[in-house]
Amino acid sequence: MAGTTLTTADGQTLTMSRAARELGLKRAEFDLAVHLGRIRTLPDEGGGGRRVPAGEIERLRGQEGFPEALTEAVRTVGTTQGAALMDIPVNRFTRLARAGRLVPVRFHLNRYRAVVWHYLADELSQFAAAEDNAPLLTGRTLPPDLLARLKEGVDLRPRNWRGRYAGFLRRQAGDHPWQRAGAVAALLDPVQIAQVVPDPGERAQLYRFRPGPPVHGTPGSPAMLLAERLMTADDPHEIRWLRFDLTVAMQEARGLAPLPGPAAAPPAARDAEPRDAEPQDAEPAPTPEAPRERGLWSRLLRRGQ
């Protein structure tokens with residue numbers, strides 16, 4: 001297939017399914033390659049979803065090692081396979097993942113509604129080959145800082161996955177200002193969104209472009225509720241940064257594609273800015289009497305003239 005000439009119905013783009021076949025990928029592998037930014041897609045001007053430029057297929061076919069290299073780049077493994085790949089016990093693999101050292105790339109819910117995390121095999125191999133990581137893999141115990149965090153019950157797998165998925169959503173949004181804002185809002189719960197975007201009309205527009213979790217299921221079902229929970233930020237530091245990002249994205253959307261009619265005054269960006277980023281020596285806010293003093297001074301100047 002790699003040596004054939006690519007032809008398409010319109011001569012320019014392919015559907016996602018056709019592109020996956022042309023590249024010799026299963027649909028799940030193809031979707032993951034898109035999520036990772038390895039395959040460029042474009043919005044369908046007819047509203048039929050995303051499409052793949054024909055030139056993108058040719059670019060990938062021309063890469064060294066195609067198609068094996070592309071297939072290997074999107075190969076994923078679960079916890080048991082990942083531990084075997086890194087030659088470590090399953091328990092240690094899980095603890096490293098919970099501590100944030102191994103970052104999942106996707107998840108699925110099994111028939112018992114338990115979360116099953118998947119990792120890129122290539123990333124695990126690179127992690128195991130790095131000399132700096134040898135103490136994490138072969139040491140009799142994990143470093144004290146990691147052990148302390150694990151004893152506190154930390155589990156960074158959902159947060160790390162959200163970070164990767166946020167990058168995919170931003171790439172898919174492209175230059176569309178409301179889609180960019182919706183990509184950020186996808187990781188916040190409705191209460192946080194309402195605080196950052198108080199205007200009902202703007203919120204309605206924002207929800208039009210707010211993606212849901214990357215799973216299929218009936219809305220409101222236990223599986224979907226669990227997926228929505230995994231997609232929603234729950235760490236205070238993560239929430240502060242997302243609120244700040246949403247504030248900035250909304251300011252851009254208002255400036256580039258404002259909604260018709262009056263809208264509520266947008267909240268100041270500093271209200272959503274993470275506290276870590278606030279300057280320590282910020283000037284105090286002006287007192288309510290300041291505008292009155294400026295007006296009196298202007299009248300005295302006019303009388304003097």
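Strands β5 and β6 form a hairpin with five residues between them. Arginine 113, in the turn, has a positive phi of about 60°. Strands here are DSSP runs of E with at least two residues, helices are runs of H or I with at least four, and both are numbered from the N terminus. The model is predicted, so local features need pLDDT of at least 70 and side-chain atom pairs pLDDT 80 or more, while totals for chains, interfaces and linings use all residues. Residues are numbered from 1 along each chain as its sequence is written, and side-chain values use heavy atoms, without hydrogens or water.

The pairing of β5 and β6 is antiparallel and runs over four bridges. Two strands count as paired if DSSP finds at least two bridges between them. Histidine 108 stands opposite valine 116 in β6. Strand β6 (residues 115-120) also pairs with β4 (residues 76-77). These two strands run antiparallel and are joined by two bridges. Here threonine 76 faces leucine 120 of β6.

A pair of aromatic rings is described by the distance of the centres and the angle of the planes. Rings of Phe, Tyr and Trp (its six-membered ring) pair if their centres lie within 6.5 Å; planes under 30 degrees apart are stacked, over 60 edge-to-face, and the rest tilted. The count by this rule is six aromatic pairs. Phenylalanine 107 belongs to strand β5 and tryptophan 161 to helix α10, so the pair ties together parts 54 residues apart in sequence. Phenylalanine 107 is buried, with a relative accessible area of 8%. Tryptophan 161 is buried at 2%. The term buried means under 20% relative accessible area, exposed over 50%, and partly exposed in between (1.4 Å probe, protein chains only).

The rings of tyrosine 165 and phenylalanine 168 have centres 5.5 Å apart and planes at 40°, so this pair is tilted. Both residues lie in helix α10, three residues apart, about one turn of the helix. Tyrosine 165 is buried at 8% relative accessibility. Phenylalanine 168 is likewise buried, at 8%. Ring pairs link Phe107, Trp117, Trp161, Tyr165 and Phe168 into a cluster.

A pocket is an open set of points where a 1.4 Å probe fits, with protein on both sides within 12 Å along at least five of seven lines; lining residues have an atom within 4 Å of a point. Volume is the space filled by probe spheres set on the points, which are joined across faces, edges and corners.

The largest pocket has a volume of about 810 Å³. Of its 31 lining residues, Asp31, His35, Tyr165, Pro214 and Val215 are closest to the centre. Elements giving two or more residues to this lining are α2 (27-35), β5 (106-109), α10 (157-173) and α14 (222-231). The largest share, seven residues, comes from α10. The lining divides into 16 nonpolar, eight polar and seven charged residues. Ala, Val, Leu, Ile, Met, Phe, Trp, Tyr, Cys and Pro count as nonpolar, Asp, Glu, Lys and Arg as charged, and the others, Gly among them, as polar.

The second largest pocket has a volume of about 280 Å³. It is lined by 14 residues, with Arg50, Leu169, Gln172, Ala173 and Gln179 nearest its centre. Helix α10 provides the largest share of this lining, four residues.

Methods. 1 Å grid on protein atoms, 1.4 Å probe; cavity = no way out; pocket = protein on both sides within 12 Å on 5 of 7 lines; lining within 4 Å.
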